[in-house]
Each structure stands twice: as structure tokens, then as C-alpha cells.
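Please keep the structure open while reading.

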Number of protein chains: 2
Amino acid sequence: MKKITNAKILTLDGNCDITDGEIHIKGDSIYYIGKPKDGEFDEVIDVGGSLVMPSFKNAHTHSAMTFLRSYADDLSLSEWLNNQVFPMEAKLSGEDIYAFTKLAVLEYLSSGVTACFDMYFYLDDFVRAVTDCGFKSVICSSINDFGGTPQSVEEEYLKYRDISPLVSYRLGIHAEYTTRLETIKAIASLCRKYGEGFWSHNSETGDEVKGCIKRYGKTPTELFDSLGAYEYGGGGFHCVHLSDNDVEIFKRRGLWAVTNAGSNTKLASGVADICRLLKSGVKLAVGTDGAASNNALDMFREMFLITGLQKLKYGDASACAADEVLKAATVGSARAMGLFDCDVLAVGKKADIVVIDLDKPNMRPLNNILKNIVYSGSKQNIKLTMINGRVLYREGKYYLSESESNIYARAEELAQRLKSK
Amino acid sequence: MKKITNAKILTLDGNCDITDGEIHIKGDSIYYIGKPKDGEFDEVIDVGGSLVMPSFKNAHTHSAMTFLRSYADDLSLSEWLNNQVFPMEAKLSGEDIYAFTKLAVLEYLSSGVTACFDMYFYLDDFVRAVTDCGFKSVICSSINDFGGTPQSVEEEYLKYRDISPLVSYRLGIHAEYTTRLETIKAIASLCRKYGEGFWSHNSETGDEVKGCIKRYGKTPTELFDSLGAYEYGGGGFHCVHLSDNDVEIFKRRGLWAVTNAGSNTKLASGVADICRLLKSGVKLAVGTDGAASNNALDMFREMFLITGLQKLKYGDASACAADEVLKAATVGSARAMGLFDCDVLAVGKKADIVVIDLDKPNMRPLNNILKNIVYSGSKQNIKLTMINGRVLYREGKYYLSESESNIYARAEELAQRLKSK
């Protein structure tokens, strides 16, 4: 048994209270949370008064896109996507995916992220990369007119949904604008067959919504709903340009809105109306999107942007309070991904935990720790990241089967090779 | 003599080229930049392939306001200022200023910032705090109707302008809306007497500009200019709501626009039109503002926000390229503050240097190091911060006369005491 002691504990299990105490971990799960108590411990982790809380979960990303970080910035969206991203992606191999995903995992761990909801290709290599690291992930099918068939998606679903305690799979499509109607219908039908939610990029740009309305007389959300895709829930990535009726559908179907503030900012896609979503009772989760668009996989940056952009949007410094954002980036994201066994800190939950170092200047004084995390927190405050009871990152050091210098070197080599191909 | 070796070097001296080499430092100044060369060195700092560049300078802040970090967030601006900030500030003593300024210095150093342009009170205690740390600062007079007289400002100017190699002083006022006309005139006259630029908060909020127009039929910039305040240049903090004519005055007078994106976001003040400023040839510098409004003193967050908010404002992912922002946060801010002897890396310049760790996942691959710094960089990448040739921060450790744990404890104690006063 393991013990995390000398901690301030924010369980996020129903409230935002912080209490002093310790956490005992048996195997991969939380065994005890409370006042110091005797026991037999193989390992004692004294966090010296730091804050222990549920880890962040990244509810929308394309992990392997790290290779395109700062490859083609400061370009218009269409120039970036069509002339830079797509041609480079066409050259990728499974070996690349393995290396670039591992690079992303290093970044996630340094940001306190323990799981990602990932949409990309070469799934075997992706799964190998995350499981080799001991990192959790939920794959989202990315079928579109350029790759995949309903049959291949069903095969993937059956193959990956229970492939490892670390990996699962959710059904969906890349996006309306990249996917023909019959394919969308077929995936909607798969969702009903298996009682699964339906996921996709949704209303990321104004043009996407306009195009969909032109094609179908409906917004993407209305279209998917009309096809019965949301019978078992699901959600959308980005959700920047939702109509009132879209929000109503999200609410009625219990869909998750996954917000991606960094990517939407960097690619000038717009500002999602988080205040309206929260007011309407829509469930909120947070993702970084891939490093090609963001360019960082940094939950602290996301959290500040989410609340900050609402304050600007509404011209109201009191808009979008910090605690809602923190819950969305942790508990919300976990539940959106179906990871109900590691959403909060509670006895019996998996020990997916992050320790926030309060002995850093940006956390002082301790007027309000929760607001500090959202408004002044940074990756420098990540003291420890734990997945299923295993410490994978602590005090700037990684505990993985491959050294980080190897991962950097391999990713560098492969990225340069792709550029010269 | 000291040597920084095994480095990638970005001098920002006229261009953004990065070359491999080393830097030799004699006393407080740069003695040599170039290919490896023999010499007698007391200390060799092998940075293992990291990037060495000019440090960040924080061109607008109120350092000691760290004590109000996360004290009163998610409130409207007027509620925050009138009911929370002002009553707390009224209780401050010099002892508080000393402790809270030191807390800010810790945060600056961890963000690669080596100097700040500071506007607050209890200047003796402020000066003692920064010089005890070996940190550079430029004081800006903060006279307004609640404190200071033109005579006291002149005395301060003469006392602090050359008080230490680390400290200097610039003339200005807090803001138009807090300062009566005769006082503004008197400070403008002081600026002319001493050949100094005129500084102030300027057009931070829409209401501020509206109020000024109502009072004087002029914007703050027009008013100050009409009073002859800008005869020797100077600049404005925030510059969110500038008119076309204001921008024209900034350009004609060679004024510095100091942008504060984090604070303007958090307090919902608006988005400064950086693209228009740059296009008009206005000189740009970057500040964090104080921790009460921002709430972080983090140059990486500022840089991403500056460019990101322009992309959103213009709906154009190519707006406000990264290199302009990086130059503004380093060279621009230094020059705005009058620190011409530490603006870039060049022989003879003061050794105010930051080392950016490229062996962190958010910096890989090295497709474009400069864009990585702005778009995915974070305080985690600050490997070393040096002022006047002295290492003050390295690999997460501080090298100050007082331990950081003492500084945290003292700041915590005093902040709690203020709250209960």
C-alpha cells in the first residue's frame, strides 16, 4: 500500500472543499482518504503541504500531431490545413505515430493530464505508445471521406473498446464537413446498435456551420440529432458556433460540450459561449486539441483562456467563475470520456491523481487555492502525476520505460525525416 | 570570467537568427559571443544545447500586489477595485511592501523576467526588496489625488533615478481619471524640466476614455499631449481603447504602448489593437500588471494572449506573428523602461540573460524555436535567469540572500494579518 501524506486534499466529490489529510492507495485504487491513520505502507509520498486533487483529463486531442508543432504557424486556417497539415499527415507511418504520441504523453504528464480522448489514425501504434507509458486514453473513431468505413469503425470498436485497462473506444465521425451523409447515418446506426454516444468535431468554425446549413438546411447538431445519432448521448468537440436550438439539443440529449479554447484562439475560430452552455445546464469538458493547432498541451493555459475569454466576451470580470472551469477540466472531462472510475477522489476510485505544488510563488499567498490554480497556476506547479496508483512524473522527472531523452531524439529525427520526404 | 557554453544563441540584436556558440561574461557584462574559444573561466555553465536569449522585462506591474492574488476574483471591476482592492491597500505598511515585492521577484525570476517597471508606494521598502534580491527595477511615479504632490514626485525622482545600478525612476502619474488637471500639468512640466518621458495608465477601460472626453473634450492621450507631457516621449500602460488620433500621437511622439493582455482579459477591460499599433509603427512593450488583476506574473502567458487575442479579434490565424511579440516582451520592454544597456545580447551589454530549456516536451520537435517559445512555451522552460552576470534562478532553485521558504512564510503571515485587520 502507498500513502500520500501531509496533503491538502481537494476531492471534487460533490464540493470544492479542501481538507488536510492523507490518501492511501492499494494497487491501482484509492483505499482511504482522511485524517492520518496507521497502516503498512511500501511507499510514503510526503507532499509537504501540497494540494492533492483529481488529475486533469484532456477531452479532445490528436496526440501524435506534436510533430507539426510550430511547423506552420501564423498562416490562415485554410492555408495551414490544406497546404501544410494534410500533405504532412499523408506521409505518416505507424512508427511516427508511436514516437509522436509518446512525446505528447510527456507533455500531458508535465501538465497533470492522465488521460486523453484522442482522434487520429494508426491505432495499434497509438495504443502501444500510451500503454507502454502507462497512460490512459479513449480513442474516438475519426472516420471521414478520406479514411475508414462503417465496417472498419465497427471492427475498431470491438477491438479497442476493452483492449486494455488503459484504453477504450467511443464511436463517432471526424466532422460533418468531411463525411458524406450515408457514412454519418451508418455510424449513427452503430451508436444505436451498441448503445453508445456519438462524437464529432462540431461547429468549430462559422464556415463549417454555414456549409452544413447549405447542404442540409440544418446545423451539424440538428443534422446528427435528426439522424438519431444522439439517442445514447455523446458530445461535440469545439462547439464554438452553436445556435440556441443546438444548445437545446445538447441539453435535452445530455451531450457533452468539449471546449478547446487554445486551439480556437490560435486558429482564430472564435470564442465558444461557455456562459450560455453552463447557464443552460449543458455538461462541459475541456480539451487541448492537437499541438499543431494549439500549440501546447497545457491544461493551465486552457483553464485561464476559458474563463478569460468569457470575461472579455461578456465585458464582465465576474463571468465564468474559476471553480466551474476547474471541475470541467477534471471531473467533467473524465465523465465525458466515460472514465467514471477516476473522475473524483473517493474510496474505490482509480488513483489518477495530481499534486499541485503550493510552494511556488504563483500560488502564494493562499488566499484561495482553487482560484490560484485557474488564474495563476502553471505547469511549474505540477509536482506529481499518478495514473492507476503509479507515479509517472514527479518533480520534473519521468518514470517511464523509455527515457525522455530517447523520446525527444526519436521524435526529432522522425519529424525532420518527414519534412524532407 | 564566466562562460555559458553548449548554447543556441538568439541575440535579438537586429535579427531573429539562432546560432550555436557560447557567451563569456566578465563582471556584469557580456564580453564575447561566438564560437567556442579558450579563456580563463571561474565558472562554466553548460546549458546542454538550450537556448540563450535576452531576458524578459516586465514593462508594467505593481509588484507588491501579490498579496491580493486570488483575494477577490470573479467580481465586477468596480466591486473589485472599490470594495476589495482600495480598502486592503489602505492597510499596507512598508514591511508589507518589502515582503510582497520579494514574493513577486521570485515569480519574475521563475518566468525569466529580470526587470520590472513598477508603480506602487513605500518606495524605500520596494527598493530595498529588489536590491536585496539583485533584481532590476524602474520605478514609475504613481501620483494621484489620493497620494503625492508634484514636489514629492520631484524629490522621488532626484532620490531614486540613480540610487543603485539596479534601480532607476521615470516620471508620470497614476492615470487621468485619478489625478486632477493641475497635478497632471505639474508633472508634465517636470518632464520638460528634466527631459524625461511621461508615463501613465492610459485608456485601460472604455469608461476611462469616456470620462476623460466628458471632462476635457479629449482622450487621455490627447489631453496629455496638449499639456506638453510627451515632449520627451514616454508611453502608456494598457492602451486598450486608443482612437486613431491617439495612435497617431503615439507614433509622432515615439511613445511606447505597454500592453497587458492578461490583466485586460481577467478584468474584462477589452483587447488592445496590437495589429493596428504595429502597423502604425508604434513601439510595443509588454507588462503583466499586478497579481491582483492578472493573476500571474508570467511572460509566457502574456505572449500567447497577445498574439492569440489578435487572431481572434481579426478572425485571422496569421495576425500578429510570434516574433513581434517575443521582441516586444524582451527588447521592446527593456527600451521602454530606458534599459538600453540590457536590451539585447551583444558585447558590452549587461548580462541579463535567460536560458530556455529545449529538452521539455512542449519545445519538441524543434521545427521553429522562436514560435515554440511564444505558442507553446511556459515557465517550465526557464532553466536559468541571470541579472548583471549573476545567476539568481537555476533549475527551479533560487540564489537569493533570503530563502524562498522564508519569503513565502513571511508573505503568507502578512497577507493573513492584513485580511484580519
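As background, nonpolar side chains tend to be buried together in soluble globular proteins.

## Confidence in the prediction

The average pLDDT of chain A is 96, and 100% of its residues score at least 70. For the model as a whole, the scores are ipTM 0.97 and pTM 0.98.

## Overall build of chain A

Chain A contains 14 helices and 17 strands, and its C-alpha atoms fill a box of roughly 65 × 45 × 45 Å when this is taken along the principal axes. The radius of gyration of chain A is 21 Å, which agrees with the value near 22 Å that a compact globule of 421 residues would have.

Of the 421 residues in chain A, 60% are buried. When contacts between residues at least 6 apart in sequence are considered, 73% of those in chain A join residues at least 24 apart.

M1(A), in the segment before β1 (2–10) of chain A, is in contact with H24(A), I25(A), K26(A), Y31(A), G39(A), E40(A), F41(A) and D42(A), leaving aside its neighbours within four places in sequence. The C-alpha atom of M1(A) is separated by 9.7 Å from that of D28(A), although 27 residues along the chain lie between the two positions in numbering. M1(A) counts as partly exposed, because it has 15 C-beta neighbours inside 10 Å.

## How the two chains meet

How is chain B related to chain A? A rotation of 180 degrees, with 0.0 Å of shift along its axis, superposes chain B on chain A with an RMSD of 0.0 Å, which means that the relation is that of a two-fold axis. In chain B, the C-alpha nearest this axis belongs to Q380(B), and it is 2.6 Å away from the axis.

The contact joins 53 residues of chain B to 53 residues of chain A. On the side of chain B that touches chain A, at least two residues each are supplied by α1 (77–89), α2 (94–110), α9 (261–266), α11 (299–314), α13 (369–375) and α14 (404–420) of chain B, and α11(B) gives the largest share, 5 residues.

## A covered helix in chain B

Helix α3 (residues 123–133) of chain B has as its buried residues L123(B), D125(B), F126(B), V127(B), A129(B), V130(B) and C133(B). The elements that cover these buried residues of α3(B) include α2, β7 (113–118), β8 (136–140), α4 (150–160) and β9 (167–170) of chain B. Just after α3(B), G134(B) takes a positive phi of about 75 degrees.

## Backbone details to inspect

Most residues other than glycine have a negative phi, and most peptide bonds are trans. Against that background, A268(B), which is not a glycine, has a positive phi of about 60 degrees; A268(B) lies in the loop between α9 and α10 (274–279) of chain B and counts as buried, because it has 20 C-beta neighbours inside 10 Å. N388(B), also a residue other than glycine, has a positive phi near 50 degrees and is found in the loop between β15 (382–387) and β16 (390–394) of chain B. With 21 other C-beta atoms within 10 Å, N388(B) is buried.

Two peptide bonds deserve a look as well. The bond from N294(A) to N295(A) is cis, with omega near 0 degrees, and N295(A) lies in the loop between β13 (283–286) and α11 (299–314) of chain A. The bond from R364(B) to P365(B) is likewise cis, with omega near -10 degrees, and P365(B) is found in the loop between β14 (353–356) and α13 of chain B.

Key: Residues are numbered from 1 along each chain as its sequence is written. Chains are lettered from A and ligands numbered from 1 in the order in which they are written. This is a predicted model: local features need pLDDT of at least 70, side-chain atom pairs count only at pLDDT 80 or more; totals for chains, interfaces and linings use all residues. Helices (H or I, at least four residues) and strands (E, at least two) are DSSP runs, numbered from the N terminus. The radius of gyration is taken over C-alpha atoms; the globule rule is 2.2 Å times the number of residues to the power 0.38. A residue is buried if 20 or more other C-beta atoms lie within 10 Å of its own, exposed if 12 or fewer, and partly exposed in between; C-beta atoms are placed from the backbone. Two residues are in contact if their C-beta atoms, placed from the backbone, lie within 7 Å. Copies are superposed by least squares on the C-alpha atoms of residues with pLDDT of at least 70 in both. pLDDT is the predictor's confidence in each residue, from 0 to 100.
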